[in-house]
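Which aromatic rings pair with one another in this chain, and how are those pairs arranged? Please look at the sequence and the structure below before reading on.

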Amino acid sequence: MKQSQHFYNLLTDTLRSRFSDDTSLCIQPIYKNNDVILQALIIREPDINIAPSIYLDTFLSRYENGESMEKLCNEICSLYEDTRMEQSMNTHFFCDYSLARERLVIQLINYEGNRIRLQTIPHVRYLDFAITFCYYLDYSDSEMATIQVTNHHLNMWNITVEELKKQALANSPNLLPHNILPITEVMRRLLDSQNCCDDLISELFTEQSVPMYVLTNNKQNYGAACILYPDVLASFARKLDSSFYVLPSSIHEVILLPVERPIEEETLLWMVKSVNTEQLSPTEILSDHIYYYEKESDLLSDHFIV
């Protein structure tokens, strides 16, 4: 028996005693971004029709590195308690487009990397991306939950992909407003949250040789889609009085780099690819390409311009 299957069997056996007999525990594969398949634990309580997915890849790695099953089960139970629904959700609204339409939003993923997943979900190709759609649940101040819009929903609603795109694009800036911050400010906040000393923060940010900015949404989740928001790129170009490069640092954000002096294309490509291979999980990668926004034409393209 594979080590992973042994882990899954042992996990469900150990967890079984912590839940009532009528609570269902099952492990099932779930397609994530870039057609990555993750194994998820689904805990379904009776009379509750919404169950969180607890992904097990990191728990498996920790078990293989010697952590006890008891400790891992304690964490999984704690995670479940933090994310479980107290009661069933009325899903009838999702059958009626007039009720669902006001909370539809856009997401941006890689087109080639999601060939299998895109077979079942409505999408619009844009550059080397695919614009996809979901229903946004106002879960908490710091987190977001979504329901993926599938071809089944589109057929049930009897609308076109273009109608879906128009509605979701109109909603997104209001439900998930964008923000643009200097990358130094983003890093400073990150270091502050990790309680780094003031001297280290000052040393790192006394000088910023190349001005860079981070564009994302207020949840910092699937925020790369903000490049599609009306007038976001144009207004930023007007503010800087400059065209700029767009570097896809992940599905959650992009980096905007004003064209102030010549930069080698290879340098920017190296930056993007290094982040993708060394800093991101496979499910977070958006693209290996770089893009150029031209202020005069208000056009984002994948053609490198010096």
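## Basis of the report

This is a predicted model, in which local features need pLDDT of at least 70 and side-chain atom pairs count only at pLDDT 80 or more, while totals for chains, interfaces and linings use all residues. Residues are numbered from 1 along each chain as its sequence is written, and side-chain values use heavy atoms, with hydrogens and water left out.

## Aromatic pairs

Rings of Phe, Tyr and Trp (its six-membered ring) pair if their centres lie within 6.5 Å, and planes under 30 degrees apart count as stacked, over 60 as edge-to-face and the rest as tilted. By this rule there are twelve aromatic pairs. One of them joins Phe19 and Tyr80 edge-to-face, at 5.8 Å centre to centre with 80° between the planes. This pair links distant parts of the chain, since Phe19 lies in the loop between helix H1 (3-16) and strand E1 (24-31) and Tyr80 in helix H3 (residues 69-83), 61 residues apart; helices (H or I, at least four residues) and strands (E, at least two) are DSSP runs, numbered from the N terminus.

Phe19 is buried at a relative accessible area of 14%, and Tyr80 is buried at 3%, where buried means under 20% relative accessible area, exposed over 50% and partly exposed in between (1.4 Å probe, protein chains only). Tyr213 and Phe236 also pair edge-to-face, at 5.2 Å centre to centre and 70° between the planes, and both residues are buried.

## Cluster and charge

Phe94, Tyr97, Tyr135 and Trp157 are linked into a cluster by ring pairs. Arg125 lies over the face of Tyr111, 3.9 Å from the ring centre; a charge sits over a ring if NZ of Lys or CZ of Arg is within 6 Å of the ring centre and within 35 degrees of the ring normal.
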